[in-house]
Amino acid sequence: MGNTIMTTYRAAALAAFATALSASAAFAQTELTVYTSIEAVDLDRYKQTFEAANPDIKVNWVRDSTGVMTAKLLAEKDNPQADVVWGVAATSLLLLKSEGMLEPYAPAGVEKLDPKFVDSSTPPSWVGMDAYVAALCYNTIEAEKLGLTPPKSWKDLTKPEYKGHVVMPNPNSSGTGFLDVSAWIQMFGEDDAWAFMDGLHENIAAYTHSGSKPCKMAAAGETVIGVSFEFPGANAKKAGAPIDIIFPEEGSGWEAEATAIIAGTANLEAAQKLVDWSITKEANEMYNVGYAVVAYPGIAKPVEHLPDDIPSKMIENDFEWAANNRKAILAEWQKRYDAKSEPKG
Amino acid sequence: MTAATLEIPRGRALRTRVSGDDLVKRGLMVVISLYLLVALAAPLYVLLSKSVSTYEFDLTAFELQRSDESATTWSEPTTVATLNEEVGGVITPDQLNTGSDGRLSLTALYPDFSFRSPVMYRIRGTSDDAAYLVGSELHRGTEWLELDSNSFRRVVIRPSASLGLDNFVAYFSTPALAQSIANSVLMGVISTVLVISIAFGLAYALNRSCMPFKGFFRLVTTIPILVPSLLPGIALVYLFGNQGLLKGLMMGHSIYGPIGIVIGSVFFTLPHALLIISTALSVADQRHYEAAQSLRSSPWRTFWTVTVPGARYGIISAAFVVFTLVITDFGLPKVIGGQYNVLAVDIYKQVIGQQNFEMGAVVAVLLLVPAVAAFFVDSAIRKRQVALLSARSVPYQPKPDRGFDTACFVYCSAVALFILMMIGVCQFAATVKFWPYDLTPSLNNFRFDLMDGGGWGAYYNSIVMALLTAVFGTIIVFVGAYMVEKTDGFAAGRTLFQFLAMLPMAVPGMVLGLSYIFFFNDPANPFNAIYGTMAILVVSTVTHFYTVSHLTALTALNQMDREFEPVAASLKQPFHRLFFRVTVPVSLPAILDISIYLFVNAMTTVSAVVFLYSTQTQLASVAVLNMDDAGDIAPAAAMGMMIFYTNVAARLLHGLVSRLLLKRSQAWRQR
Amino acid sequence: MKHETIPGATSAAVRSRLSAEGTEPVKSPYLQIQNVWKTFGEFAALKGISLSIQEGEFVCFLGPSGCGKTTLLRAVAGLDLQTRGTIHQGGRDISVLPPSQRDYGIVFQSYALFPNLTIEKNVAFGLENTRRSKAEIAQRVAELLDLVGLASQARKYPAQLSGGQQQRIALARAMAISPGLLLLDEPLSALDAKVRVHLRHEIKNLQRKLGVTTIMVTHDQEEALAMADRIVVMNHGVIEQVGTPTEVYREPASLFVADFIGETNQFPAKVLSGGKVALTGTELACAPHGCATGTPVTAVIRPVDVIPHGDGARSPGAPDVVATRENLIEVDVREMEFLGGFWRTRLASPRFGDGLLVADFSINAVRRLDIAEGSAMSVELPRDRVLVFPERAA
């Protein structure tokens, strides 16, 4: 009994203290404009968790999809509006880095992170948070109707039985699409990869503009196989979609979501504090709620509907190579496939 | 009168002394002209200049040095251009043209290059601007940088900006992109032919038959205006997609692609075509038909010799409007176009997908060409049409004809069914749990906050945006039209203003949106502050829909006695008293029409705002796009239906308010 | 000048001054237009117009459409500024003043009543905003409505009144601010014939009562003759003649004026010596003119000026025959048309060549002289009514 009263009392005192603290902090509070592409549902949770740990900093989110966010950041090159980028694809951040837009900073504890989640420069220009990994969404009901067997590997996708039943994102408009293509080239070698894509192209029903759409199309039975990544699959499954999430046996391309400071920010100190916090164990546990793979090794817990060995499926991804060859790869891809439904003959 | 006085005295023409009232008027005109200059002319200019800003690798801007294997003796500094000549031009001139994010590796210059070799390299720019990367690390300037072979492998040079038509050349030499032009035109032509035929049939039935339920058909055929053009795309997915209710009708063809674009285009352009053709048909002269009848002309012959020629200007005008709408629309092909590339989607892909703003500007300029051409042909035709309209005499009165009326009724019912089906399927898909596997009713799809696109906030933003657009747009448009129509003098300014006011009709929304990015997102621009705010959305939407509103206001003002202003001036009343006491109350119906037009369009527009919204100002129409983009089709349909219901409510409210206001302030209309 | 009191404020002085005009030494005019030009590119709509209008005068600008009369009125109003020239009103140079700084009331053909305001609000429009109290305004509006005889309609909207009533309201509104000058731009053209005749008297009476200097533009000669103190006949941007109604009718200054005002017979002719002109088949004595012998001219006589005589051959000594026997012509009556108040006849004679002479005879004369279609008779063309103009008839 007494214990409960004590707890209540303590909680009240704590609350009063917290109020006093935040009231006094209101004077010194720094506001950070943070650009992000994290899922809409996660925005509030991340903000609250961070602000609870750093009451002197207030996060103002500016959120959009990766493509739009990158375009926005590049467009604002000469007049940056953001202080920090938190939760944008590492490939995009490399683009910003090559424009000299990022402020290199080694956050406290960066050495604890898995090195493939950290920029190769010293000090690093960006540090990773978590990863999303390429995967196939496979609609079992539609497959059964059509008498199809599930593919096991990327190469399986070129089998004639899947003709017209595969949807993948267009690498020219989707980051996921590009990570697939760049992974194939890195895994198979340039020539084999293009040969594979030539075969795959024969089976493709449509190239979508976004990376999650193929999976959602598979979930809705609009297609049988959606080349996508793991979350939309997990979410659709949760919503009751008859799909399996398949990680091809050759390995999967992946993309890191990462954090970086925009060069020239007026709130450098606060920005650094945010980056420091973003790689803490606490932060990574927060990422783990949605993401199966996080940058901080050894803490990830399995996510519902996803296997727990995803990191083993991830290939060695050379972000820098991908960024510097992006334009050439996309031009080649566009030349080969972008006129998919042109009238034939 | 002697001959001597018939010689005009030398000297300058007299000018009226400017009164305070005139100063106010001119000030207002300048303000509104400036608005159009800033919101339209300047951004378009920046867009054009962006489309000719090119990027190419300048090989003379970099110098290289290479050491021997001991890394002690160095070769003479040589420019990359010279080196390239020495090795026989491994870097071809083709490779030099690139985009803003172009990168060029230099290892090819050394045929014997090996990243394991102990040979060292040095690189520097010949000017401070020359930029190159080591990996993704940016370097600039004339300082030598020494690198081992393995690092030199990672060196890429960056292009420098210049002016030229290279972007256009690049666009046309990419087959997939050049194909989009042909695709866009093909879609435009097919859709136009179909829409005009269907709309003519409808207009004919509505004006020339005695079928029942005309009012109902008129109402139903305006529905497409109330929804974003993405919604028919979504409806088509549900109707004819792989899980579509009517998939069998497709006979194995895919709805994703040209078929979907054409059907969707027919849906969303139908009301526009119907309105124009219906107007043309409704002014027919009864006497022509009586003449034809007395000449014993067959009905079929009468149709081709009297009806069609009478409506031909309307038909041509409608055809151009539809063609422009189809080729400049972006939402529909984005949703249903599959891999069928069209110009409007190319812009989006170039800008949002590849961050290639210059190429986006090129596509925008290309899109501007047919739209501007259509605009000029159309305005030439409209001029001729006026003469036809004013020559009307006895209005045509249809006579009941059972067979014909039944045929008309069946035809209109079919079209109405098509429209209602498109809306209905969206409504259905929006309110089931998980299409197509779990059809139990559910409102899950309305939980927008759990999805991309901005959630319910986007919906409320849209309402705020639409209201602001309606209010400020109506004020700007009406005052602007008043200045053009009812002021004297200042002729040059008025002509310029009139031109600017007509221009938005020829500027596709995407082009406008893109030009706004270039113009307003420039830190040197004093209006930079509105970038990313609600203000820029309102400004772009008002500007995008300026022309039709302006014409509506002009028509209303035109019908007003030209002598009101002289009378008020002779009574020594400032113009604003006349404006508020007479002009505005008398024009109230037109003003309400303009505001509902702006409201409805602000709710549904996607094309301009898709480049301009920010996280705080997401919009419902863009949310439909983004949710569909992310594959959340059912929530996209749900949001589309929210827009539809909002517009229906706004229309009802508009009708109610109009009626009330008219009752109170327009008592003078009844005798 | 202002006319502060309206009802009964007739200025006998003004009227007497009007009637005495021309004999008294010329006063400085109320409105003075000097060498006014209006050009639109190459086209000159007004060519050096100079005109003086006295205080209290009622002046009509009369002419065919496109003659420049409306342009001149709009220049006076400051609505379309003249290209050159000056205009003074009441001694003040108003040449380049904007309309709002001039002193006039204006009434248009379209009435231009504000459709959303009641009659009283329309009339009060110019009174509000002028530091008058509400009661003052109401009283003045009542006076004005009384004046135009529409006090009972005060609460109605313009659309509920007839055209004639609307025009009277427009007049009341224009007069509300007691302007020094009243401008009427074809005020009666939109009305039907009966209302027009009625309203023309009312306007004239009102103008007399108020003594306000008035300019009216019209293309209707009857209206101008009935209403104006002086008529300014215009054509092709110049003033053809300025004169009282009788002057312009009886002594037209040009063939155009003769032709435009009233009916005329026109014959091509050549000037002979001794106050005569030669027509195709005859010679006529004519009124004095300034043309040199031998010049080709046009001889003009109005149908009403033709004097009928009986059958010339049968009764040469009939009492109707005027002693001079000058310009006596034998004619055959070809056509007769009964026009209510008189007979219009068309008379043929070898002396007119192929042409017919139009003559208007009173019912009395026709009966007395037994004039009928096909009969022969003589007519006299009085010398002083045979006018000679240097131009050729069209």
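I take a polar contact as a pair of N or O atoms within 3.5 Å; within protein, one must be able to donate a hydrogen and the other to accept it. With that rule I went through this predicted model.

**Entry 1: chains A and B**

I started by asking which chains touch most. Of the 2 pairs of chains that touch, A and B have the most contacts. I then listed the residues on either side. Chain A puts 61 residues into the contact, and chain B puts in 60.

Next I looked up the buried area. Chains A and B bury about 5,000 Å² between them. Carbon and sulfur atoms give 47% of that area. On the chain A side, A:His209, A:Glu222 and A:Lys327 lose the most area to chain B. Together these three make up 14% of what that side buries.

I ran the polar contact rule across this interface. It returns 19 residue pairs, both residues at pLDDT 80 or more. Which elements of chain A supply at least two residues each to the side that touches chain B? I noted the strands β2 (57-63) and β7 (204-208). The helices are α3 (66-75), α4 (90-98), α5 (140-146), α8 (213-219) and α13 (319-337). Of the elements of chain A, α3(A) gives the most to this side, with 7 residues. I also sorted that side by class. It has 22 nonpolar, 20 polar and 19 charged residues.

Then I checked the salt bridges. The rule finds 5 between chain A and chain B. One I looked up joins A:Glu99 and B:Arg158, with the closest N and O atoms 3.2 Å apart.

**Entry 2: chains A and C**

None joins them. Their closest C-alpha atoms lie 50 Å apart.

**Entry 3: chains B and C**

I moved on to chain B against chain C. Here 38 residues of chain B are in contact with 44 residues of chain C. The buried area is about 3,700 Å². Carbon and sulfur atoms give 63% of it.

How many salt bridges cross between chain B and chain C? I count 3. B:Arg581 forms one with C:Glu128, the closest N and O atoms being 2.6 Å apart. On chain B, α22 (564-570) and α23 (575-586) each supply at least two residues of the side that touches chain C. By class, I get 19 nonpolar, 7 polar and 12 charged residues on that side.

**Entry 4: inside chain C**

I looked at the fold of chain C next. Its secondary structure comes to 10 helices and 20 strands. Of its 394 residues, 55% count as buried. I took contacts between residues at least 6 apart in sequence; 68% of them join residues at least 24 apart.

The domain assignment gives domain 1 (12-104 + 179-257) and domain 2 (263-389) of chain C. Their contact takes 7 residues from domain 1 and 9 residues from domain 2. The two domains bury about 690 Å² between them, 53% of it on carbon and sulfur atoms. I traced the domain 1 side to C:Tyr249, C:Arg250 and C:Leu255, which supply 77% of the area that domain buries against domain 2.

Helix α8 (residues 245-250) of chain C gives the largest share of the domain 1 side, 3 residues. That side divides into 5 nonpolar, 1 polar and 1 charged.

How values were computed. Residues numbered from 1 in each chain as written. Chains lettered and ligands numbered in written order. Predicted model: local features only at pLDDT ≥ 70, side-chain atom pairs only at ≥ 80, totals over all residues. Heavy atoms only, no water. Contact = heavy atoms within 4.5 Å. Buried area = accessible area lost by both parts, 1.4 Å probe. Salt bridge = Lys/Arg side-chain N within 4 Å of Asp/Glu carboxyl O. Helix = DSSP H or I, 4+ residues; strand = E, 2+ residues; numbered from the N terminus. Nonpolar A, V, L, I, M, F, W, Y, C, P; charged D, E, K, R; others polar. Domains from an automatic or database assignment. Buried < 20%, exposed > 50% of the residue type's maximum accessible area, 1.4 Å probe, protein only. Polar contact = N/O pair within 3.5 Å; in protein donor to acceptor, adjacent residues only side chain to side chain.
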